[in-house]
Amino acid sequence: MTTAVLVRGISGPTLRRALPLVIAGALVLTAIAYPVTSGGARDAVSWTIVALGSALSVVHAALSRGGRVGAALLLVVTGTAVGFEAVGLATGFPYGRYEYSSALGPTLLGVPFLVPLAWLMMAWPSWVLADRLTRQVRAGPRDVARVGTAAAVFAAWDVLLDPQLVQAGYWTWSHPSPGLPGIPTVPLTNLVGWLLAGVVLMTLIQVLVSRLSVPDAPRIGDAAPLLALGWMTLGGALAHLGWLDLPGSAAWGAVLAVPVLVTLLVQHRRSG
């Protein structure tokens, strides 16, 4: 009896900490396969990455802030994504004119099911990183700083991701110019649109986390979503440079990551 209680007491928290890391590890291993595959195999890798990334976001949010946060995150992010993407497809606002290929599968309001899951994969790690980056901001403006930082991280992630998926043929832009230097296939309007969508989405996430978080939820750490975000950006930049012939987006990935890494290093040294 005592042994059973002890085992449950140890295994419960251990499993809660381990599960997000297991999912993140599977995500990293799957992402490594992307640049060395092609055709249908690459499509399968892309779908698996998104499935694992979205699952990681929901699982980590639920385990670290409570089940209601995980459920609300799923509904809020996917609903916001479908709304923005459907308007974007119909009007060209706020991203510019684009269209999806049939390779992404079934759609809702013209939006492939995989797209809102990709938003979910990106949104929670972006918010978690922003929460860490803004911890030393005074309590008053901290929420605003967190939302702005999360929106910037969210948009910066797409700077790296969009050229890769345009190259894969998942969507095309009607007017890709002008774009960022070195990225001729994606217009600047897309970056503006992602920043706008990011501000809206991160404000909603901020509200749901502040209102629905369980005060005594177990602290399982943020290593898993930060690992996923770090690998998908820095590992993605390496893949762009070495395998995908996308040197421009590789350079932007490295440049955008440097201030984040420096800030995290300074925070770590100060806390130490």
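Start by selecting Pro94, which sits in the loop between α3 (67-91) and β1 (98-100). You are looking at a predicted model. The peptide bond running from Phe93 to Pro94 is cis, and its omega is near 5°.

Next, go to Leu109. This residue is in the loop that links β2 (107-108) and β3 (111-112). Leu109 is not a glycine, yet its phi is positive, near 55°.

Why do these two stops deserve a look? Most peptide bonds are trans, and most residues other than glycine have a negative phi.

Move on to Pro178. Find it in the loop between β4 (171-173) and α6. Ser177 and Pro178 are joined by a cis peptide bond, with omega about 0°.

**The helix pair**

Select residues 139-167 for helix α5 and residues 247-271 for helix α8. Colour them separately. Two packed helices are described by the distance between their axes and the angle between them. Here the axes come within 9 Å and cross at roughly 165°. Angles over 145 degrees count as roughly antiparallel, so that is how α5 and α8 run relative to each other. The crossing of α5 past α8 is left-handed.

Now show side chains where the two helices touch. Which residues of α5 meet α8? They are Ala156, Val159, Leu160 and Pro163. On the α8 side, pick Ser249, Ala250, Trp252, Gly253 and Leu256. Colour this contact by class. Seven residues are nonpolar, two are polar and none is charged.

**The cavity**

How many cavities of 30 Å³ or more does a search of the whole structure find? The search finds one. The largest cavity holds about 110 Å³ of space. Its lining is made by 13 residues. To find the centre, select Val159, Leu180, Val186, Asn190 and Leu191, the lining residues closest to it.

Next, colour the lining by element. α5 and α6 (188-212) are the elements that give two or more residues each. Which element gives the most to this lining? It is α5, with five residues.

Finish by colouring the lining by class. Ten of its residues are nonpolar, one is polar and two are charged.

Before you close the viewer, return to Val159. This residue of α5 is part of the contact with α8, and it is also among the residues closest to the centre of the largest cavity.

How values were computed. Residues are numbered from 1 along each chain as its sequence is written. This is a predicted model: local features need pLDDT of at least 70, side-chain atom pairs count only at pLDDT 80 or more; totals for chains, interfaces and linings use all residues. Side-chain values use heavy atoms; hydrogens and water are left out. Axes are lines fitted to C-alpha atoms, for helices over the stretch in contact, and angles run from 0 to 180 degrees between N-to-C directions. Helices (H or I, at least four residues) and strands (E, at least two) are DSSP runs, numbered from the N terminus. Angles under 35 degrees count as roughly parallel, over 145 as roughly antiparallel, 65 to 115 as roughly perpendicular and the rest as oblique. A crossing is left-handed if the near helix is turned anticlockwise from the far one by less than a right angle, and right-handed if clockwise. Contact means heavy atoms within 4.5 Å. Ala, Val, Leu, Ile, Met, Phe, Trp, Tyr, Cys and Pro count as nonpolar, Asp, Glu, Lys and Arg as charged, and the others, Gly among them, as polar. On a 1 Å grid over the protein atoms alone, a cavity is a set of points where a 1.4 Å probe fits but cannot get out, and a pocket is an open set with protein on both sides within 12 Å along at least five of seven lines; lining residues have an atom within 4 Å of a point. Grid points are joined across faces, edges and corners, and a volume is the space filled by probe spheres set on the points.
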